[in-house]
Every structure is written in structure tokens, then in C-alpha cells.
Amino acid sequence: MGALRLTLLLLALLAAAVAGARPSEVAVGALFTYDSTIGRAARLAIELAVDDVNADRTVLAGTQLKLITQDTNCSGFLGTIEALQLMEKNVVAVIGPQSSGIGHVISHVVNELHVPLLSFAATDPTLSASEYPYFIRTTISDYFQMNAIASIVDYYQWKEVTAIFVDDDYGRGGVSALGDALAAKRARISYKAAIPPNSNADVINDVLFRANMMESRVMVVHVNPDTGMRIFSIANKLQMMASGYVWIVTDWLAAVLDSSTSRDLKDMSHIQGLIVLRQHTPESDAKNKFISKWNSVARNRSITSGLNSYGYYAYDSVWAVARGIDQFLNSGQQINFSADPRLHDSNGSMLQLSTLKIFDGGEQMLQQLLLTNFTGLTGPVQFNSDRNLVRPAYDILNVGGSGSQLIGYWSNYSGLSVTAPEILYHKPPNTSSIAQKLHNVVWPGDSTTTPRGWVFPNNGQPLRVGVPIKASFKELLAVSRGPDNVTGYCIDVFNAAIKLLPYPVPCQFITIGDGTKNPNYDDIIKMVAANSLDAAVGDFAIVRNRTRIAEFTQPYIESGLVIVAPVKKATSSAWAFLKPFTLEMWCVTGALFIFVGIVVWILEHRTNEEFRGSPRRQVITIFWFSFSTMFFSHKHCKRTWAVRVDHMVVCRADH
């Protein structure tokens, strides 16, 4: 009995020691821009998440999350300084930043200090590189968003787009991913319109004006939410929001629309007919409860900005950190920091680099975070081998009137659909072209007809097409009153092929020859090979020496010699069988048959009784033999024909 009490006492002391080893609070940093479309939603969401974590006894029991926030002020330089100041406070993880540019810089800092960085808004795909092992993206990468845009472009069978983007890490990374995604769909970016950060209206006007000079009318806009609305106001002044244009906008515009509780009708008039993407968050009771709580607190604090999808990802990021810390402490790890010998203050330096400490358990904390697996407001919070969230999906919206209409979804699982992704996850994946569907769209200019997506460019170079001026066979090629009046069968085939192309190909016909004699076709082919001409149209023969220097289309005229003769109407008669030969030919043929009969009679009459008798009978036999050989009647005789020649006449009687 005494031994049992001693054992229980030791266990109690051990449990107390373990409980005492857990810190009373753990510092977690948050890095974002307070006064921004994303920051205003994320700030309140993060604070509510911290309160919910600290009130939940199933997570971090006995340990409180201490939130330390820093304002990056939409500046890469100030954001870096604020991040360094945050690291001085011994945080075990950082939630943020919202800027991809700052994310690139801060990732080098957290790599050195072994502090995991969980960003709810930095969507640049290049941040997933192995160069940044401590960066974890808790939102959807632009890699998937650009694949969604490429699927939309392919769905409407457009082949070229114009990319309008902010010229920073966020914009360049997204457009690079867009180019790769379009290439997989056999499309491309025909023109890149880069807008420098913090540009004024004049700079944006110049960029859009140059973009409008190109042939593509499919505009993909990938800019920042706080300055992007100016693009549409300027585009409207340039008549770029009219019928025939297509505008596809990344999720930044959805964040702006969702955050604008009192929308400016004037601004809405500039964005009618746009297609907008938004991160898909499935409906759930937890999401509805959070929205109600967020709106209530926002009203109490007089926050005029609304909640957007980035707020959901910020909320889930806090819970991911809390669960990671809980697993870290439950595994017996301690939260300790140590000085980095490579960081020291130089003589006279005021940077105080020595205050930056390395998180000793950073590697273990990172592994626990990567193993995160729970269902949050945004759906499953789980990371794949590339440290991206599983099951990325987007809502596809069509802006119209004073709001937007949901026209479909895109998911990495099944592509475009009008069914919610969480329903399709229970079915086999189907990314076939037949399964891709979207609801009807109202395009710019209040048009319901799908735009063709291109026009002939104002500054494009026409295709130089060589045309030989022929002296003969005018039906194939003919030139009248200059190169603008080229006609003929070859030109008709060429123009029909050009019309089938889904993109513009302006052509300029260049005539070759003087019209008095046919030009040398080999010389024309050599002009194409030498790039003096882009193409040549005509009745060119495909021969071996020409195929060595130029490519040819499939033949559309049959080769060979054809004799054309007039047809004369002739009356039919019983003697029509005589027409294949002339009278002289028939006489010669008859004489030959009689000659053969006479030769056979000379050879056979001495031994064959059939060739004997009266002269009249022998003459009849000679003519009958000749007549029978003319119609091959002896072919039907018995096999004894082959025994001797003289049996052939005998066979006539047995037939």
C-alpha cells in the first residue's frame, strides 16, 4: 500500500513538473499593412482567432497566445524594418506578411533565425521554392489561380491575352505562372503591360494605351487591390470597357468588392461585364458564426470596411499556429532562443543585430506546422509536398449591376464546373472538355455574345505573301489593277484558311513577275527561305529540292495529266460493236484468223479426220476453227485439250 502511494506521488510530481515546463504564454507575431483592403479584414480576424484559441481548453491548455503585430505600411523597406523589430521579441512564428515582395525579403530573415512564416495573402508562386524552407503559404498560390484563368481562356477558345500587372514580385510571379498555364492550353500572352508600383494616372494611361494598340482584346489584370480600381476608370476613358473586350481579373478585385460595404455606383459602372476570381470557401456553420461575430465587432469598433476571403485565411492561420505550438509542446520540446554568433554589432553600429535570436526548436516547429490537418473556415487546412494547401478552388464571378453573379467554379480537381467543388470531391475527377461548364456571361457593353477576343492590331506587321503573276491559267491566279486585287482558286483557298484561324492574320500580297511570262517558281521559294517573304501562294509543285528549304501545305489540287475532249452525241445502232476498230483493222484481223485456220488445216488434214472430207466441208472447218478462236470457245472443252493440239477441234463437238 505504501509503495502504491509512493508511485502515485511520483506520478503527480512528474505531471506537475511537466505542466510546469509548459510556458504560461507564447509570443506569435503578425505582419501586415493595417490600413489596406486585406489588412483591415485580416487584423480583426487575427484578433478574434487569438481570442477563440485562448478560450478553447482543447488547444494550448494552460498556455496563452500572445499576439504582437507590426504595420508594414505598404512599404518593402519599412516592412523589412518592422519584421526585424518583430524578431527581437522572440516570437515562435509569424503570421504574414500580406505582400509577396516583403515575403521574399523576410523569408531570408526567418531562414536565418529558424522562425516559421505563415502568410495568408502572399500569393507569388515563387515563394514556394526550396530557397524559402520556413515560408508556409496558408492561402492559395497564384499558380492555381493562373491555371483557373487559363481554363477560362481555353473554355471560350481564345488564343492570346494581354497581361496587365504591377511590376513587382507579386505581379511578375503571377504573370510568369500565367504564361506557363496558357502554354499548356496552346495559348499565350501576346503582350505584357507592366505598371510600375505607385504609378500615377498618366503612367497607367500610357500603359493601357499601348495595350489597346495590340490585337488581343482579352485583358488579364493582376495588380494590387488598393490601387487597381484606377485601371478601370482610365480604361473606361480609353473606350476599353466597350463591347468586344474581355476583362478577367484576379482575386484582388473580389477582395475590394467584398470589403466595400457602401459601394460607389460610379466605380461599379466602370467594371460592368468583368469576370472576377475569388478564393472558394465552402459554406459551414463555423463560417456563418464567424461572419456574424466579425460584423458585430466591426460595428462596435466603427470599422467601415467589410470582410473578404483573406480574413478567413488569416483566421485559419492563427489556428494552424496554435495547433502547431500545441503539438510542439506536447512532444516535450522547449521554447528556447540562442544568440547567433554570425550576428554581432559592428563598431559604432546602431542596428543592434545581437538582439536577434535563433529559435532553437524552429525546425521541429516547422515540421509540426507542415503536418497540420484540420477543417477551418476555408475548408481543409492541410499542406501537400509543395507546402501548398490541398484542394485549391475559386469562385468565378461576373460583375453586373450593383453586384456580381456566380457563374461557376474552378478547382484543381475537376476544372470548370457549375457545381460546388466540395460536391465534386465525392465523385471521380473529370477534366474533359465536355465536362467544363460555366453559366452565361454578360460581357462589357452589356453584350451576351461571347467576344472573339481579338482585332487587327493598329501597329501590327502584315504577313508578306508572294503571289506569282501568271501568263497562263488565270483561273488559278490572276492579278488585276495591283496586288490588292488578286483573285483565283489558290487565293480563295488561302483566304478560307485564314478565316478559320482563331486569331488575326493581316496579309499583304506582293506580286512577282511581269505578267508576260510565268516567273521562276524556284526563285519565289528561295525568297521565302531567305525571309524576304513570309509565305507564297500559288500553284507550286512540291518537289524534293524545294522541300529542303521551305514548308508546304497539303496539296489541294490533284497532280497528273488530264486530256479534255469535247463530247459528241452519236446515235446507237446494231453495228456499234464494230466502232472500236476501223474497217481496215477489222479486215486485217479477219485475214489473220483465216490465215491461222489455213495453217492449222495444213498441219492437221493428213492425220485428223475432222479436216478431211469434201472441199466444201474442209473450207467450212477452216472458217469455223477461225471463228471459234475469236470468241475463245475452246476454253470450255475437256482437259484432253492439253494432250495434243489436234484434240482442240474434237473438243468442239464435245462442248
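Glu160 stands opposite Arg188 of strand β7, two strands being taken as paired if DSSP finds at least two bridges between them. Strand β6, residues 160-166, runs parallel to β7 and is joined to it by seven bridges. The model in which this pairing is seen is a predicted one, in which local features need pLDDT of at least 70 and side-chain atom pairs count only at pLDDT 80 or more, whereas totals for chains, interfaces and linings use all residues. Residues are numbered from 1 along each chain as its sequence is written, and side-chain values use heavy atoms, with hydrogens and water left out.

Strands β6 and β7 belong to an open sheet of eight strands with mixed pairing, whose order is β7-β6-β8-β9-β10-β15-β16-β17. Because β7 (188-195) and β17 (415-417) stand at the edges with a single partner strand each, one side of each is left without a neighbour in the sheet. From one strand to the next, the twist averages 25°; axes here are lines fitted to C-alpha atoms, for helices over the stretch in contact, and angles run from 0 to 180 degrees between N-to-C directions. Helix α8, residues 229-237, lies across β6, β7, β8 (218-222) and β9 (246-249), and runs at about 175° to β9. Contact in this account means heavy atoms within 4.5 Å.

The chain as a whole comes to 20 helices and 22 strands, where helices (H or I, at least four residues) and strands (E, at least two) are DSSP runs numbered from the N terminus. Of its 655 residues, 44% count as buried, a word that means under 20% relative accessible area, with exposed meaning over 50% and partly exposed in between (1.4 Å probe, protein chains only). Among contacts between residues at least 6 apart in sequence, 67% join residues at least 24 apart.

Val297 counts as buried, because its relative accessibility is 17%.

The structure also holds 19 aromatic pairs, for which rings of Phe, Tyr and Trp (its six-membered ring) must have centres within 6.5 Å, planes under 30 degrees apart counting as stacked, over 60 as edge-to-face and the rest as tilted. One of them joins Tyr143 and Phe144 edge-to-face, at 5.1 Å centre to centre and 85° between the planes; Tyr143 is partly exposed at 45% relative accessibility, whereas Phe144 is buried at 7%. The rings of Phe290 and Tyr312 have centres 6.1 Å apart and planes at 65°, so this pair is edge-to-face. It links distant parts of the chain, since Phe290 lies in helix α11 (residues 285-300) and Tyr312 in helix α12 (residues 309-330), 22 residues apart. Phe290 is buried at 5% relative accessibility, and Tyr312 is buried at 9%. Elsewhere, Tyr155, Tyr156, Trp158 and Trp443 form one aromatic cluster.

Rings also meet charges: Arg323 lies over the face of Phe374, at 4.6 Å from the ring centre, and the charged end of Arg452 sits over the ring of Trp454, 4.1 Å from its centre. The criterion is that NZ of Lys or CZ of Arg is within 6 Å of the ring centre and within 35 degrees of the ring normal.
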